Each structure stands twice: as C-alpha cells, then as structure tokens.
Amino acid sequence: MQSQSDVQTSLSKPWCFCASLAWGPEAPETDLLRRFRDRILRRTTAGRGLIQGYYSTAPGLCRRLEGRRKLIRALCLGLKPALWIAQAALAIQEQKGRACQRAGSRFGSCRRFQSLLRAIWRAAGGHAQPGDGCLSWGG
C-alpha cells in the first residue's frame, strides 16, 4: 500500500486502490476501472478532480478495510455500478472512434466529420437521441 504523500505525487501511476483490494491488482475489473480513469476521466477537469479526490481518500479507506472480508465483499458490490458506467463509457468512446475512423477516410478527418454531424444535429433541431453514435457528444 502506498503512503498518502506518494499518492499525491503522481497521477500517472497505475494505482487503483479500492478495485485492487476488492478483486486484486491484475483483475479484469481493476483493469477496466484503470482504463476508464485514463481514457475518460483524465480528459476533463472534473474527471481529474474526481481522481485527485479518490487518491486522497481511497488509501485510508483501504487501510481500514484490509483484512475485513465482509466489508471487502460490500466494497465489491458498491463498485459494481462504477464497473457498469466504466464499461458503457469505454464502449461509447470506442464506437465513436470507429465511426470517426470510417468517416475520416471519406471526409478527410474525424474533426471534419464531427463538424458535419453537428451541422446535421442542428438542422434536425437536435431531435436525435443521446447515444446515437457520434451524435451523443455535447461539444
């Protein structure tokens, strides 16, 4: 377990305290949450703030839970929604990436394709539903 000062020195380390305690540091669940942190959360200011808040509280929480099997099982259950959110967000990101790659060959770049989709979105009055591929972003 890393000390509190170590946690604050770098956000680039592969720490995932709660998931490592719950499932193990090399478990697929832990890897999924790390990918969510690195590919989704780190891209926004709010996400980076969430990561910093997690790094300041998770080590102490995990020290208190260590060796308490029932509480660790409860932690596993409590982390399930985070796993579902992470899986869905990564799948959407991957879907967008594939759509933009396909479109990039037709439109010259993913950015141009996104601009085209935004224009279509505005022309349609914004009636497409969130989650309809690349139309789901707000930028």
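The model is predicted: local features need pLDDT of at least 70, side-chain atom pairs count only at pLDDT 80 or more, and totals for chains, interfaces and linings use all residues. Residues are numbered from 1 along each chain as its sequence is written, and side-chain values use heavy atoms, with hydrogens and water left out.

The chain has 6 helices and 0 strands. Helices (H or I, at least four residues) and strands (E, at least two) are DSSP runs, numbered from the N terminus. Of the 139 residues in the chain, 31% are buried. Buried means under 20% relative accessible area, exposed over 50%, and partly exposed in between (1.4 Å probe, protein chains only). In α3, the buried residues are T30, L32, L33, R34, F36 and R37.

The largest nonpolar core holds 23 residues. Such a core is a set of buried Ala, Val, Leu, Ile, Met, Phe, Trp, Tyr and Cys residues joined through side-chain atoms within 4.5 Å. F17, C18, L21, L33 and L75 touch the most other members. At least two core residues come from each of α2 (17-23), α3 (28-39), α4 (45-65) and α5 (69-107). Helix α5 gives the most, with 7 residues.

C18 touches Y54, A58, L61, C62, L75 and L79, not counting residues up to four places away in sequence. Contact means heavy atoms within 4.5 Å. Among chain contacts between residues at least 6 apart in sequence, 59% join residues at least 24 apart.

The structure holds 0 disulfides. A disulfide is a pair of cysteine sulfur atoms within 2.5 Å. C16 is in none; the nearest cysteine sulfur, that of C18, is 7.7 Å away. C18 is also in none, with the sulfur of C62 nearest at 3.8 Å. C16 is buried, at 10% relative accessible area. C18 is buried too, at 7%.

The largest pocket is lined by 15 residues. C16, L33, F36, L41 and Y54 lie nearest its centre. A pocket is an open set of points on a 1 Å grid over the protein atoms alone, where a 1.4 Å probe fits, with protein on both sides within 12 Å along at least five of seven lines; lining residues have an atom within 4 Å of a point. Helix α4 supplies the largest share of the lining, 4 residues.
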